[in-house]
Amino acid sequence: MTLFSLEMILFQLALAFCILCTFGYLLSLLIKRVILAKISTWVLAISFCFLTLGLVTVILNTAGLTNLGSRNFLVFFAWAGSGVYLGFQLKTKTRLLGAFISPFILLLMIAAASQEAGKSLLPQNLQSWLTTLHLVFAIIGEALFVLASCAGAMFIIQNSLLKHKKLGKMSRLLPSLSDLDRINHLCLLWGFPLLTIGIIAGAVFAGMVWKTLLPADPKIIWSFAAWVIYGFLLHQRLAIGWKGSRMAFLSCAVFILFLVSFLAVRFYFTTLHDFI
Amino acid sequence: MILLIGLNHKTAPLAVREKLFAGCEEKQNLLSDVLLLPAVQEVLYISTCNRIELVCVADGEDKTIEALKRFLAQNGSLTDEEAFYCLYVYREAEAIRHMFRVAASLDSQVMGEAQILGQVKEAYRQALKQNATGLVLNRLMHRSFRTAKRVRTETAIAANPVSVSFAAVELAKKIFGSLSGKKILLIGAGEMAELTGTHLIGNGAEEITVANRSSAQGTALAEKFHGKAIMLTDLDAALIEADIVISSTGAAGYVVTAESIRQSMRKRKNRLLFLVDIAVPRDIEPTADSIENVYLYNIDNLQDIVDENMAGRKKEALKAEAIVEEEVILYNSWIKELEAVPTIVSLRSMAEGIVQSELEKSLGWMQKLSEEDREKVDNLVQSVVNKILHAPVAVMKEESSEVSSKGIVDAVRQLFRLDE
């Protein structure tokens with residue numbers, strides 16, 4: 001068996017387990033039983049293991065991470081997202097968070113599956129360890145922001161249930177407000193510096209290739225705006241003490257804003273990042 | 001036969017329960033006294049604040065019931081009328097069902113409460129210590145515990161709190177996750193606030209501050225929780241520190257205004273704040289609920305949650321009754337099987353006697369055989385006897401567990417002349 005077919009098998013296994021766990025999570029939300037979410041967390045962990053092995057074979061295949069195509073970019077995003085979520089599961093009891101993050105991970109993987117492997121690779125002239133650095137840190141940073149928004153969305157639901165004095169099955173199922181706020185806090189706290197490193201790496205590389213740190217490119221401008229806004233949120237949290245529902249609401253709003261703009265840029269503009 | 005005699009909160013008013021409880025508690029050798037009554041073989045005595053019951057295994061139905069009733073009435077100095085109206089008697093399957101329902105907390109005043117099982121277990125421990133139980137009650141108790149466990153795990157009867165103070169604890173957990181390290185502020189030293197405070201501490205909350213108009217009462221309560229007492233005038237500062245506030249003063253106006261909470265939120269950097277207002281008239285201005293990260297619950301809100309949970313328990317109780325019914329059937333068939341046991345034992349020993357005497361008679365010619373062959377003959381005879389007895393024993397067991405042991409047992413005794 002070649003390394004390439006091994007990579008495909010591992011990806012398909014990861015995808016299968018991801019589909020399984022997404023169904024499990026959504027079903028646990030539907031029938032309001034947390035046990036199903038617990039099982040789904042283990043299923044997601046299996047999917048994560050296959051993704052990890054898959055990425056290792058990709059690295060062996062392409063002799064490093066410098067030549068990631070859009071497919072592997074998406075796979076890496078899914079890997080970072082599930083890794084960050086599973087990491088939080090070691091510390092907090094927020095299994096139901098999976099019901100919010102797993103559909104997102106599944107979408108990334110389906111998007112990855114629709115991309116042909118080895119196609120739309122990074123152009124030769126852009127391959128460098130700096131772009132790898134840029135990519136890895138930016139993706140992990142963004143995965144953390146995704147999780148921050150998921151926790152925020154759950155906070156909004158739980159908050160509205162508690163404010164309306166509805167301590168029903170749904171409220172009992174969802175994690176506590178403090179836990180959700182803590183996840184939002186930690187994700188911003190870690191996501192921001194990681195994204196910063198990613199952006200600096202990208203800027204340095206841009207400076208080397210195009211002789212400007214910030215090329216006038218729609219995607220770069222949007223990403224820079226995202227970085228500024230997340231920085232602002234983190235500042236408000238740490239210095240001013242914004243907490244709870246306001247933070248939850250803002251991180252959700254910002255996330256939706258950027259998701260929409262990302263898709264718009266992806267389909268209606270030509271950018272320097274077209275290979276992604 | 002299993003008998004259960006007693007009274008509970010449904011049949012007897014508090015005064016009668018108290019009388020009987022006190023009378024029975026005074027008695028040193030209650031269990032051995034019951035065992036001295038004619039025809040009583042095993043006994044167990046259950047007493048909680050809501051029930052006093054004797055569970056017995058006894059022969060001679062009516063006389064025994066009368067004797068047991070008299071025993072209870074004398075101990076509790078009940079009048080004839082009280083004894084007649086308050087005491088209930090359950091026999092056989094009914095007694096088994098009642099015992100299972102009690103252990104599973106289906107017969108409790110607050111259905112699904114957890115203490116009753118512990119109390120029943122303690123009653124059993126006492127009876128075991130005094131050797132008052134035997135085969136039948138031992139199994140009855142083990143089956144009761146099993147039924148209670150099944151009801152707890154297979155139904156959601158005990159899942160959600162049905163008291164106001166526990167509902168407040170559950171809400172606090174939904175807001176803060178873990179309560180460890182959380183600071184509590186009690187405004188007013190009322191009983192309800194104290195109870196809620198106790199539950200919160202029991203769930204991990206650490207610091208308690210008591211704010212009261214009279215400092216003596218506040219200090220007394222604070223000392224009880226190893227907390228500190230403050231005056232009502234220092235409330236604003238205390239609001240900045242606290243995570244959970246429970247207010248229950250008798251004040252006519254608002255003790256805590258929305259504005260003071262709004263200001264404290266700024267100083268506490270918007271940390272979540274859970275306010276429980278169990279006072280009537282209310283202590284905390286209701287508009288405080290609209291402040292971000294503030295969760296205000298008044299007594300009606302908590303009562304609504306309790307009512308909803310109570311309705312949920314009643315629904316779950318239906319499932320629990322089905323489990324009890326299953327267990328009653330299982331236990332009952334074991335009891336019936338038990339009735340055939342003496343006959344089975346005497347049938348086996350009769351057969352054993354015949355085998356022994358015939359083998360002794362044959363000792364003369366068997367001596368010619370080698371050791372090995374003698375053993376073979378032994379085994380042969382044993383296995384023939386076992387094979388012949390197998391069918392009657394099996395049929396007796398089946399018949400008695402499914403229908404009644406009476407007919408088949410009598411037939412076997414007659415056929416094999418077991419009574420001669």
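Visitor: Which helix of chain B holds Val34(B)?

Guide: This is a predicted model in which local features need pLDDT of at least 70 and side-chain atom pairs count only at pLDDT 80 or more, while totals for chains, interfaces and linings use all residues; side-chain values use heavy atoms, with hydrogens and water left out. Residues are numbered from 1 along each chain as its sequence is written, and chains are lettered from A and ligands numbered from 1 in the order in which they are written. Helices (H or I, at least four residues) and strands (E, at least two) are DSSP runs, numbered from the N terminus. The run that covers residues 30-36 of chain B includes Val34(B), and this is helix α2.

Visitor: Does Val34(B) count as buried or exposed?

Guide: Buried means under 20% relative accessible area, exposed over 50%, and partly exposed in between (1.4 Å probe, protein chains only). Because Val34(B) has a relative accessibility of 0%, it counts as buried.

Visitor: Which residues does Val34(B) touch, not counting those up to four places away in sequence?

Guide: A contact here means heavy atoms within 4.5 Å. With that rule, the partners of Val34(B) are Val40(B), Val43(B), Leu54(B), Cys56(B), Leu68(B) and Phe71(B).

Visitor: What distance separates the centres of domain 2 and domain 3 of chain B?

Guide: Domain bounds come from an automatic or database domain assignment. Chain B is divided into domain 1 (2-160), domain 2 (164-305) and domain 3 (332-415). Taken over C-alpha atoms, the centres of domain 2 and domain 3 of chain B are separated by 75 Å.

Visitor: Let's go to chain A. How many helices and strands are in its secondary structure?

Guide: From the N terminus on, the elements of chain A run α-α-α-α-α-α-α-α-α. The totals are nine helices and zero strands.

Visitor: What area is buried between domain 1 and domain 2 of chain A?

Guide: Domain 1 spans 1-119 and domain 2 spans 122-276, and their contact takes 27 residues from domain 1 of chain A and 32 residues from domain 2 of chain A. Buried area is the accessible area (1.4 Å probe) that two parts lose on being put together, summed over both. Carbon and sulfur atoms give 84% of this area between the two domains, whose total is about 2700 Å².

Visitor: Now for the two chains together: what area is buried between chain A and chain B?

Guide: Here 22 residues of chain A are in contact with 24 residues of chain B. Lys163(A), Lys165(A) and Arg172(A) supply 33% of the area that chain A buries against chain B, more than any other three residues. Carbon and sulfur atoms give 46% of the area buried between the chains, which is about 1900 Å².

Visitor: Which residue of chain B meets Lys165(A) in a salt bridge?

Guide: Lys165(A) lies in the loop between α5 and α6 of chain A, and has a positive phi of about 60° although it is not a glycine. Most residues other than glycine have a negative phi, and most peptide bonds are trans. Across the interface of chain A and chain B there are three salt bridges. In one of them, at 3.0 Å (N to O), the side chain of Lys165(A) meets that of Asp289(B).

Visitor: Which peptide bond of chain B is cis, with omega near -5°?

Guide: Look in the loop between β9 (273-277) and β10 (294-298) of chain B, where Pro281(B) lies. The cis bond runs from Val280(B) to Pro281(B).

Key:
Salt bridge = Lys/Arg side-chain N within 4 Å of Asp/Glu carboxyl O.
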